[in-house]
Amino acid sequence: MTAEYGSLPFDEAEAFFRDKVNIPTKRWDDLKKGEHARGFMIAGAMRDDLLCDFRTAIDKAISQGTTLEEFRADFDGIVGRYGWSYNGGRGWRTRVIYDTNLRTSYAAGRYQQMTDPDVLAYCPYWQYRHGDSSHPRLMHLAWDGLILRYDDPWWSTHYTPNGWGCTCFIEPRSQRDLARAGKDGPDQAPPIEIDPKTGAPMGIDQGWDYNVGEAAFGRQLSTKAMNEWRAQGGKAWQRLTPGDFRAAGRPDRIPADQAKAALGPKLATTAEAAQALTGIMSAAERIYTLPTGGKILVNAEALASHIDLDRSPYLPLLPEVLEDPYEIWLSFEQHQGTNKVVLRQRLIKMVRLDKERGVLVTAQARNGLLEAWTMIPTTDRKYLNRQRTGKLLWGRE
(Lines give C-alpha, C1' and ligand atoms only; values in the text may rest on other atoms or scores of the structure.)
Protein backbone atom coordinates (compact mmCIF):
# COMPACT_ATOMS: atom_id res chain seq x y z
CA MET A 1 0.00 0.00 0.00
CA THR A 2 1.31 3.48 -0.86
CA ALA A 3 2.00 5.99 1.90
CA GLU A 4 -0.66 8.70 1.99
CA TYR A 5 0.04 10.80 5.08
CA GLY A 6 -2.23 13.75 4.34
CA SER A 7 -2.06 16.01 7.41
CA LEU A 8 0.16 13.66 9.45
CA PRO A 9 3.66 15.02 8.67
CA PHE A 10 5.20 16.90 11.59
CA ASP A 11 8.15 19.13 12.43
CA GLU A 12 10.59 16.34 13.34
CA ALA A 13 9.96 14.46 10.09
CA GLU A 14 10.43 17.64 8.07
CA ALA A 15 13.63 18.53 9.93
CA PHE A 16 15.02 15.02 9.39
CA PHE A 17 14.53 15.27 5.65
CA ARG A 18 15.76 18.87 5.31
CA ASP A 19 18.97 18.10 7.21
CA LYS A 20 20.02 15.53 4.62
CA VAL A 21 22.96 16.15 2.33
CA ASN A 22 22.51 15.78 -1.45
CA ILE A 23 24.67 12.90 -2.71
CA PRO A 24 24.76 11.96 -6.41
CA THR A 25 24.74 8.16 -6.81
CA LYS A 26 24.55 5.57 -9.55
CA ARG A 27 22.92 2.78 -7.51
CA TRP A 28 20.61 2.68 -4.50
CA ASP A 29 23.22 0.79 -2.48
CA ASP A 30 26.00 3.35 -3.05
CA LEU A 31 24.90 4.55 0.38
CA LYS A 32 24.93 1.84 3.04
CA LYS A 33 22.28 1.39 5.70
CA GLY A 34 22.35 4.36 8.09
CA GLU A 35 24.10 6.59 5.56
CA HIS A 36 20.66 7.00 3.99
CA ALA A 37 19.60 8.82 7.16
CA ARG A 38 22.10 11.59 6.39
CA GLY A 39 22.17 11.59 2.60
CA PHE A 40 19.46 12.30 0.03
CA MET A 41 19.83 10.29 -3.15
CA ILE A 42 17.86 9.13 -6.15
CA ALA A 43 19.62 6.17 -7.76
CA GLY A 44 21.02 7.27 -11.12
CA ALA A 45 20.60 11.00 -10.44
CA MET A 46 24.16 12.28 -10.80
CA ARG A 47 23.46 16.01 -11.23
CA ASP A 48 23.05 18.26 -8.21
CA ASP A 49 20.37 20.42 -9.87
CA LEU A 50 18.39 17.29 -10.75
CA LEU A 51 18.66 16.08 -7.16
CA CYS A 52 17.60 19.50 -5.86
CA ASP A 53 14.41 19.42 -7.92
CA PHE A 54 13.57 15.90 -6.75
CA ARG A 55 14.29 16.99 -3.21
CA THR A 56 11.88 19.91 -3.51
CA ALA A 57 9.14 17.57 -4.75
CA ILE A 58 9.69 15.13 -1.87
CA ASP A 59 9.88 17.96 0.67
CA LYS A 60 6.48 19.16 -0.56
CA ALA A 61 5.06 15.67 -0.11
CA ILE A 62 6.40 15.47 3.48
CA SER A 63 5.54 18.99 4.60
CA GLN A 64 2.26 19.50 2.71
CA GLY A 65 0.99 15.94 2.53
CA THR A 66 0.78 15.82 -1.26
CA THR A 67 -0.35 12.52 -2.75
CA LEU A 68 1.50 10.00 -4.88
CA GLU A 69 -0.33 11.21 -7.97
CA GLU A 70 0.72 14.79 -7.27
CA PHE A 71 4.32 13.63 -6.82
CA ARG A 72 4.10 11.75 -10.12
CA ALA A 73 3.14 14.98 -11.86
CA ASP A 74 6.21 16.66 -10.33
CA PHE A 75 8.32 13.64 -11.32
CA ASP A 76 7.19 13.85 -14.95
CA GLY A 77 8.04 17.56 -15.06
CA ILE A 78 11.53 16.98 -13.65
CA VAL A 79 12.26 14.08 -16.01
CA GLY A 80 11.14 16.13 -18.99
CA ARG A 81 13.10 19.18 -17.93
CA TYR A 82 16.40 17.33 -17.62
CA GLY A 83 15.86 14.52 -20.12
CA TRP A 84 16.70 12.09 -17.34
CA SER A 85 16.75 8.40 -18.28
CA TYR A 86 15.88 6.13 -15.36
CA ASN A 87 15.59 2.42 -14.75
CA GLY A 88 12.25 0.72 -14.12
CA GLY A 89 8.72 1.66 -15.04
CA ARG A 90 7.29 5.05 -14.09
CA GLY A 91 4.67 3.63 -11.72
CA TRP A 92 7.14 1.45 -9.82
CA ARG A 93 9.92 4.04 -9.69
CA THR A 94 7.74 6.89 -8.46
CA ARG A 95 6.13 4.68 -5.82
CA VAL A 96 9.54 3.58 -4.45
CA ILE A 97 10.91 7.14 -4.29
CA TYR A 98 7.75 8.51 -2.70
CA ASP A 99 7.14 5.71 -0.20
CA THR A 100 10.74 5.30 0.91
CA ASN A 101 11.33 8.97 1.64
CA LEU A 102 8.01 9.54 3.37
CA ARG A 103 8.13 6.43 5.51
CA THR A 104 11.74 6.86 6.64
CA SER A 105 11.19 10.55 7.42
CA TYR A 106 8.08 9.72 9.42
CA ALA A 107 9.86 6.90 11.29
CA ALA A 108 12.87 9.10 12.09
CA GLY A 109 10.60 11.86 13.35
CA ARG A 110 8.73 9.42 15.56
CA TYR A 111 12.04 8.14 16.93
CA GLN A 112 13.02 11.67 17.96
CA GLN A 113 9.66 12.18 19.66
CA MET A 114 9.68 8.82 21.43
CA THR A 115 13.23 9.26 22.74
CA ASP A 116 12.47 12.61 24.34
CA PRO A 117 13.41 12.15 28.05
CA ASP A 118 9.94 13.18 29.23
CA VAL A 119 8.28 10.70 26.87
CA LEU A 120 10.64 7.89 27.87
CA ALA A 121 9.98 8.54 31.55
CA TYR A 122 6.31 7.69 30.98
CA CYS A 123 6.59 5.30 28.00
CA PRO A 124 9.85 3.34 28.25
CA TYR A 125 8.56 0.51 26.02
CA TRP A 126 8.00 0.26 22.29
CA GLN A 127 5.52 -2.01 20.53
CA TYR A 128 5.98 -3.37 17.03
CA ARG A 129 2.83 -2.95 14.95
CA HIS A 130 2.22 -4.58 11.59
CA GLY A 131 0.89 -2.28 8.89
CA ASP A 132 -2.05 -2.85 6.59
CA SER A 133 -0.09 -4.38 3.72
CA SER A 134 -2.24 -6.48 1.42
CA HIS A 135 0.65 -8.93 1.05
CA PRO A 136 2.16 -9.12 4.56
CA ARG A 137 5.59 -10.51 5.25
CA LEU A 138 5.07 -13.45 7.58
CA MET A 139 7.90 -12.51 9.94
CA HIS A 140 6.65 -8.93 10.20
CA LEU A 141 3.22 -10.33 11.00
CA ALA A 142 4.77 -12.55 13.68
CA TRP A 143 6.41 -9.50 15.33
CA ASP A 144 3.07 -7.68 15.55
CA GLY A 145 2.33 -6.81 19.19
CA LEU A 146 5.88 -7.45 20.43
CA ILE A 147 6.77 -5.10 23.31
CA LEU A 148 10.40 -4.38 24.22
CA ARG A 149 12.21 -1.67 26.13
CA TYR A 150 13.20 1.25 23.92
CA ASP A 151 16.91 0.49 24.46
CA ASP A 152 16.69 -3.22 23.62
CA PRO A 153 19.44 -3.99 21.04
CA TRP A 154 16.80 -5.62 18.84
CA TRP A 155 15.59 -2.18 17.76
CA SER A 156 18.99 -1.34 16.25
CA THR A 157 18.21 -3.67 13.34
CA HIS A 158 14.42 -4.06 13.51
CA TYR A 159 13.15 -0.50 13.96
CA THR A 160 10.69 0.15 11.14
CA PRO A 161 10.49 0.33 8.18
CA ASN A 162 12.15 -3.01 7.53
CA GLY A 163 12.12 -3.21 3.77
CA TRP A 164 10.83 -1.86 0.49
CA GLY A 165 7.14 -1.06 0.88
CA CYS A 166 7.11 -2.08 4.56
CA THR A 167 4.19 -0.38 6.35
CA CYS A 168 5.02 -1.52 9.89
CA PHE A 169 5.40 1.10 12.62
CA ILE A 170 6.32 1.52 16.30
CA GLU A 171 4.12 2.79 19.13
CA PRO A 172 5.29 3.90 22.61
CA ARG A 173 3.87 2.01 25.60
CA SER A 174 3.74 2.72 29.33
CA GLN A 175 3.82 0.34 32.31
CA ARG A 176 0.06 0.75 32.51
CA ASP A 177 -0.23 -0.32 28.87
CA LEU A 178 1.71 -3.49 29.70
CA ALA A 179 -0.62 -4.24 32.60
CA ARG A 180 -3.68 -3.78 30.38
CA ALA A 181 -2.09 -6.23 27.93
CA GLY A 182 -1.72 -8.75 30.77
CA LYS A 183 2.07 -8.43 30.92
CA ASP A 184 4.26 -8.05 34.01
CA GLY A 185 7.17 -6.80 31.92
CA PRO A 186 8.41 -6.53 28.36
CA ASP A 187 8.65 -9.50 26.03
CA GLN A 188 11.87 -11.27 25.19
CA ALA A 189 13.40 -10.18 21.91
CA PRO A 190 13.14 -12.80 19.15
CA PRO A 191 16.40 -14.47 18.15
CA ILE A 192 18.13 -12.87 15.19
CA GLU A 193 19.10 -15.19 12.36
CA ILE A 194 21.17 -13.79 9.49
CA ASP A 195 20.13 -14.50 5.92
CA PRO A 196 23.31 -15.78 4.22
CA LYS A 197 22.20 -14.33 0.86
CA THR A 198 21.68 -10.73 2.03
CA GLY A 199 23.70 -10.46 5.25
CA ALA A 200 20.62 -8.94 6.92
CA PRO A 201 18.48 -10.54 9.64
CA MET A 202 15.81 -12.89 8.35
CA GLY A 203 12.65 -10.96 7.54
CA ILE A 204 14.45 -7.70 6.71
CA ASP A 205 15.33 -6.60 3.17
CA GLN A 206 18.99 -6.13 2.28
CA GLY A 207 20.25 -2.73 3.41
CA TRP A 208 17.30 -2.07 5.71
CA ASP A 209 18.75 -3.61 8.88
CA TYR A 210 19.38 -0.33 10.67
CA ASN A 211 17.48 2.10 12.89
CA VAL A 212 16.77 5.23 10.84
CA GLY A 213 16.16 7.34 13.93
CA GLU A 214 19.32 6.16 15.65
CA ALA A 215 21.33 6.82 12.50
CA ALA A 216 19.92 10.33 12.19
CA PHE A 217 19.88 11.46 15.80
CA GLY A 218 22.10 9.03 17.68
CA ARG A 219 25.27 7.46 16.32
CA GLN A 220 27.40 9.84 14.32
CA LEU A 221 28.36 8.88 10.76
CA SER A 222 30.92 11.68 10.80
CA THR A 223 32.85 9.80 13.49
CA LYS A 224 33.06 6.80 11.17
CA ALA A 225 34.28 8.99 8.31
CA MET A 226 37.04 10.44 10.49
CA ASN A 227 38.12 7.00 11.69
CA GLU A 228 38.29 5.67 8.13
CA TRP A 229 40.37 8.65 7.04
CA ARG A 230 42.88 8.12 9.85
CA ALA A 231 43.06 4.36 9.30
CA GLN A 232 43.80 4.72 5.58
CA GLY A 233 46.38 7.44 6.06
CA GLY A 234 45.60 11.02 5.17
CA LYS A 235 48.68 11.43 2.95
CA ALA A 236 48.38 8.14 1.04
CA TRP A 237 46.00 9.40 -1.65
CA GLN A 238 46.72 10.13 -5.28
CA ARG A 239 44.51 12.66 -7.05
CA LEU A 240 43.15 11.37 -10.35
CA THR A 241 41.07 14.26 -11.69
CA PRO A 242 43.00 16.45 -14.16
CA GLY A 243 42.99 20.23 -13.98
CA ASP A 244 44.34 22.96 -11.75
CA PHE A 245 44.02 26.67 -11.07
CA ARG A 246 45.68 27.62 -14.37
CA ALA A 247 43.36 25.46 -16.48
CA ALA A 248 40.42 26.94 -14.57
CA GLY A 249 41.60 30.47 -15.31
CA ARG A 250 42.19 31.31 -11.66
CA PRO A 251 44.82 33.80 -10.43
CA ASP A 252 48.20 32.51 -9.33
CA ARG A 253 48.02 34.23 -5.95
CA ILE A 254 45.33 33.42 -3.38
CA PRO A 255 44.20 36.68 -1.75
CA ALA A 256 44.22 36.70 2.05
CA ASP A 257 41.06 37.63 3.95
CA GLN A 258 41.24 39.25 7.34
CA ALA A 259 40.34 36.66 9.98
CA LYS A 260 36.78 37.12 11.21
CA ALA A 261 37.46 35.35 14.50
CA ALA A 262 40.30 35.65 16.99
CA LEU A 263 42.52 32.64 17.55
CA GLY A 264 41.79 30.57 20.61
CA PRO A 265 44.04 29.07 23.30
CA LYS A 266 46.11 25.96 22.80
CA LEU A 267 44.09 23.06 24.19
CA ALA A 268 45.46 20.06 26.04
CA THR A 269 42.87 17.34 25.32
CA THR A 270 40.45 16.29 22.61
CA ALA A 271 37.62 16.72 25.11
CA GLU A 272 38.56 20.40 25.45
CA ALA A 273 38.76 20.69 21.67
CA ALA A 274 35.29 19.13 21.28
CA GLN A 275 33.89 21.55 23.85
CA ALA A 276 35.52 24.49 22.09
CA LEU A 277 34.16 23.39 18.70
CA THR A 278 30.67 22.99 20.14
CA GLY A 279 30.86 26.62 21.25
CA ILE A 280 32.24 27.77 17.89
CA MET A 281 29.48 25.98 15.95
CA SER A 282 26.78 26.68 18.58
CA ALA A 283 25.98 22.96 18.44
CA ALA A 284 27.68 19.60 18.92
CA GLU A 285 26.87 18.85 15.29
CA ARG A 286 26.04 21.27 12.51
CA ILE A 287 25.37 21.26 8.77
CA TYR A 288 27.05 24.11 6.90
CA THR A 289 25.71 25.36 3.57
CA LEU A 290 28.41 26.04 0.97
CA PRO A 291 28.34 28.78 -1.69
CA THR A 292 27.51 26.03 -4.22
CA GLY A 293 24.35 25.18 -2.26
CA GLY A 294 25.87 21.88 -1.14
CA LYS A 295 26.12 20.96 2.51
CA ILE A 296 28.80 19.61 4.84
CA LEU A 297 28.09 17.92 8.15
CA VAL A 298 30.57 18.65 10.97
CA ASN A 299 30.58 16.79 14.27
CA ALA A 300 32.56 18.43 17.08
CA GLU A 301 33.61 15.20 18.80
CA ALA A 302 34.72 13.53 15.59
CA LEU A 303 36.68 16.53 14.38
CA ALA A 304 38.31 17.05 17.77
CA SER A 305 39.60 13.48 17.79
CA HIS A 306 41.21 14.09 14.39
CA ILE A 307 43.04 17.40 14.75
CA ASP A 308 46.59 18.05 15.94
CA LEU A 309 46.17 19.82 19.29
CA ASP A 310 49.15 22.04 18.47
CA ARG A 311 46.86 23.63 15.89
CA SER A 312 43.85 23.93 18.21
CA PRO A 313 44.21 27.75 18.42
CA TYR A 314 43.04 27.85 14.78
CA LEU A 315 39.71 26.14 15.51
CA PRO A 316 37.72 29.42 15.43
CA LEU A 317 38.62 29.72 11.71
CA LEU A 318 36.59 26.62 10.78
CA PRO A 319 33.29 28.37 9.94
CA GLU A 320 35.11 30.84 7.69
CA VAL A 321 36.46 28.24 5.28
CA LEU A 322 33.09 26.45 5.09
CA GLU A 323 30.84 29.50 4.72
CA ASP A 324 33.19 31.82 2.84
CA PRO A 325 35.91 29.83 1.01
CA TYR A 326 37.99 31.23 -1.82
CA GLU A 327 37.66 28.11 -3.97
CA ILE A 328 36.02 24.68 -3.89
CA TRP A 329 37.66 21.82 -5.82
CA LEU A 330 36.34 18.35 -6.65
CA SER A 331 38.55 15.36 -7.47
CA PHE A 332 38.60 11.60 -7.58
CA GLU A 333 41.36 10.20 -5.37
CA GLN A 334 42.83 6.73 -5.09
CA HIS A 335 44.38 5.27 -1.95
CA GLN A 336 47.83 3.93 -2.74
CA GLY A 337 47.47 0.94 -0.43
CA THR A 338 43.90 -0.28 -0.98
CA ASN A 339 43.32 1.17 -4.52
CA LYS A 340 39.98 2.48 -3.22
CA VAL A 341 38.71 5.46 -5.25
CA VAL A 342 36.58 8.17 -3.67
CA LEU A 343 35.22 11.57 -4.72
CA ARG A 344 36.23 14.46 -2.46
CA GLN A 345 35.59 18.18 -2.16
CA ARG A 346 38.39 20.47 -0.99
CA LEU A 347 37.68 23.98 0.27
CA ILE A 348 40.52 26.46 0.59
CA LYS A 349 40.89 29.94 2.05
CA MET A 350 43.87 32.16 2.90
CA VAL A 351 43.43 34.00 6.18
CA ARG A 352 45.52 36.96 7.36
CA LEU A 353 46.20 36.83 11.09
CA ASP A 354 48.21 40.07 11.30
CA LYS A 355 50.54 42.13 9.10
CA GLU A 356 53.18 39.41 8.96
CA ARG A 357 51.32 36.13 9.39
CA GLY A 358 48.94 34.26 7.14
CA VAL A 359 47.57 30.73 7.11
CA LEU A 360 45.98 28.55 4.44
CA VAL A 361 42.89 26.82 5.83
CA THR A 362 41.69 23.72 4.00
CA ALA A 363 38.66 21.52 4.62
CA GLN A 364 38.04 18.19 2.93
CA ALA A 365 34.70 16.41 2.65
CA ARG A 366 33.38 13.13 1.25
CA ASN A 367 29.69 12.25 0.89
CA GLY A 368 28.76 15.48 2.64
CA LEU A 369 30.81 14.68 5.75
CA LEU A 370 33.85 16.64 6.89
CA GLU A 371 36.70 14.16 7.14
CA ALA A 372 39.81 16.35 7.29
CA TRP A 373 40.65 19.94 8.17
CA THR A 374 44.00 21.59 8.59
CA MET A 375 45.83 24.91 8.71
CA ILE A 376 49.08 25.46 6.79
CA PRO A 377 51.13 28.43 8.05
CA THR A 378 53.36 28.82 5.00
CA THR A 379 54.17 31.32 2.28
CA ASP A 380 55.41 28.69 -0.19
CA ARG A 381 53.18 29.55 -3.15
CA LYS A 382 53.98 26.33 -5.03
CA TYR A 383 52.87 24.25 -2.07
CA LEU A 384 49.72 26.32 -1.64
CA ASN A 385 48.80 25.98 -5.31
CA ARG A 386 49.16 22.18 -5.17
CA GLN A 387 45.95 22.25 -3.12
CA ARG A 388 44.15 23.78 -6.11
CA THR A 389 43.81 20.72 -8.34
CA GLY A 390 40.95 18.75 -9.86
CA LYS A 391 37.73 20.29 -11.15
CA LEU A 392 36.85 23.77 -9.92
CA LEU A 393 33.32 23.66 -8.51
CA TRP A 394 33.20 27.24 -7.34
CA GLY A 395 35.54 30.21 -7.13
CA ARG A 396 35.09 33.66 -5.70
CA GLU A 397 35.23 36.48 -8.24
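Predicted model: local features only at pLDDT ≥ 70, side-chain atom pairs only at ≥ 80, totals over all residues.
Residues are numbered from 1 along each chain as its sequence is written, and side-chain values use heavy atoms, with hydrogens and water left out.

**Salt bridges**

- The structure holds 30 salt bridges (a salt bridge is a side-chain nitrogen of Lys or Arg within 4 Å of a carboxyl oxygen of Asp or Glu).
- One of them pairs Glu333 with Arg239, at 3.9 Å from N to O.
- Glu333 sits in strand β10 (residues 327-335) and Arg239 in strand β6, so this pair ties together parts that are 94 residues apart in sequence (helices, H or I with at least four residues, and strands, E with at least two, are DSSP runs numbered from the N terminus).
- Arg239 counts as partly exposed, since its relative accessibility is 31%.
- Thanks to shared partners, salt bridges link Arg239, Glu333, Arg344, Arg346, Arg366 and Glu371 into one network.
- Arg72 has a salt bridge with Glu69, and their closest N and O atoms are 2.8 Å apart.
- Both Arg72 and Glu69 belong to helix α3 (residues 68-82), where they are 3 residues apart, or about one turn of the helix.
- With 9% relative accessibility, Arg72 counts as buried.
- Lys183 and Asp187 make a salt bridge too, with 2.8 Å between the closest N and O atoms.
- Lys183 is partly exposed at 24% relative accessibility, and Asp187 is partly exposed at 25%.

**Two helices side by side**

- Two packed helices are described by the angle between their axes and the distance between the axes.
- Here, the axes of α1 and helix α2 (residues 48-64) come within 10 Å and cross at roughly 170 degrees (axes are lines fitted to C-alpha atoms, for helices over the stretch in contact, and angles run from 0 to 180 degrees between N-to-C directions).
- That makes α1 roughly antiparallel to α2 (angles under 35 degrees count as roughly parallel, over 145 as roughly antiparallel, 65 to 115 as roughly perpendicular and the rest as oblique).
- On the α1 side, Ala13, Glu14, Phe17 and Arg18 meet Arg55, Ile58, Asp59, Ile62 and Ser63 of α2 (contact means heavy atoms within 4.5 Å).
- Arg18 belongs to helix α1 (residues 11-18), and at 41% relative accessibility Arg18 counts as partly exposed.
- Leaving aside residues up to four places away in sequence, Arg18 touches Arg55, Asp59 and Ser63.
- Arg18 and Thr56 are 38 residues apart in sequence and 9.7 Å apart in space, going C-alpha to C-alpha.

**A nonpolar patch**

- Leu240, Phe332, Val341 and Leu343 form a nonpolar patch on the surface, and together they have about 330 Å² of accessible area.
- Leu240 is found in the loop between β6 (237-239) and β7 (256-258), and at 39% relative accessibility Leu240 counts as partly exposed.
- Patches use residues with over 30% relative accessible area and no salt bridge, joining like charges within 9 Å and nonpolar side chains (Val, Leu, Ile, Met, Phe, Trp, Tyr) within 5 Å.
- Accessible areas come from the Shrake-Rupley method with a 1.4 Å probe, and for residues only the protein chains shown count as cover.

**Backbone details**

- Thr160 and Pro161 are joined by a cis peptide bond, with omega about -5 degrees.
- Pro161 sits in the loop between α7 (155-158) and β5 (169-173).
- Ser282 is not a glycine, yet Ser282 has a positive phi of about 60 degrees.

Notes:
Buried < 20%, exposed > 50% of the residue type's maximum accessible area, 1.4 Å probe, protein only.
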